[in-house]
Amino acid sequence: AFVDAAEEASVAMSELPVVVLVQDEHGDVERAAERLRGAGMRNPMVHLRNLCELAEWRTGRPWEIAFLIVHADACHELDTGETPPLLPAYPAFAVHSADGRLMASTWLSPGTRGATPRPFDASTVMRSLQALGLRWLVV
């Protein structure tokens with residue numbers, strides 16, 4: 001299964017778009033998700049093992065995806081691969097730890113360069129999403 005039954009049920013019961021978390025061995029993606037939850041984000045979140053699962057998971061599911069949170073290493077691997085998989089276009093935050101700080105940059109798609117990484121601040125992310133007119137992300 002791509003996601004556990006509890007996550008699938010949470011997504012099915014919510015009217016809010018889904019935040020997709022692509023797991024990483026460092027725990028950085030989950031740290032970012034915890035900070036967003038702490039800042040008031042109520043969107044359901046689902047975990048995928050890797051970016052390549054995204055298109056398959058998306059098939060047959062009517063839910064809107066708000067954005068992705070992936071580890072910067074996964075972005076780098078796709079960017080340097082010979083043939084990156086065809087991925088649906090969703091905004092993404094690429095996160096990683098540097099000197100004990102959680103850093104993030106926006107990553108648009110394979111083959112595009114992300115923005116300069118900055119310290120990940122959930123409150124700033126939430127304000128930015130609201131400024132973009134995405135007020136439905138916060139209850």
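Which residue in S4 is the bridge partner of Leu68? In this predicted model, that partner is Ala92.

## How to read the model

Residues are numbered from 1 along each chain as its sequence is written.

The chain has a mean pLDDT (the predictor's confidence in each residue, from 0 to 100) of 78, with 76% of residues at 70 or more. Helix H2 (residues 28–38) has the highest confidence, a mean of 94, and helix H4 (residues 72–80) the lowest, at 67. Over residues 135–139 the pLDDT is below 50, yet this stretch has 17 contacts (heavy atoms within 4.5 Å) in the model beyond near neighbours in sequence. Where pLDDT is low, the predicted coordinates should not be read in detail. Helices (H or I, at least four residues) and strands (E, at least two) are DSSP runs, numbered from the N terminus.

## Strand S3 and its partners

Let's return to Leu68. Strand S3 (65–71) has 7 of its 7 residues buried (under 20% relative accessible area, with exposed over 50% and partly exposed in between; 1.4 Å probe, protein chains only). S3 pairs (at least two DSSP bridges between strands) with S1 in the parallel sense over 4 bridges, and Val20 stands opposite Leu68. S3 and S4 also pair in the parallel sense, over 4 bridges.

## One face of helix H5

Helix H5 (residues 122–131) buries Ala122, Val125, Met126 and Leu129. Seen down the helix axis, these buried residues fall within an arc of 95° (taken from the directions from the axis to the C-beta atoms), so they line one face of H5. They pack against H2, S3 and S4, whereas Arg127 and Ala131 are exposed on the other side.

## A buried histidine

His47, in strand S2 (residues 45–48), is buried, with a relative accessible area of 17%. Its side chain makes a polar contact with the side chain of Glu30 at 2.7 Å. Such a contact is a pair of N or O atoms within 3.5 Å; within protein, one must be able to donate a hydrogen and the other to accept it, and residues adjacent in sequence count only if both atoms are side-chain atoms.

Conventions:
This is a predicted model: local features need pLDDT of at least 70, side-chain atom pairs count only at pLDDT 80 or more; totals for chains, interfaces and linings use all residues. Side-chain values use heavy atoms; hydrogens and water are left out.
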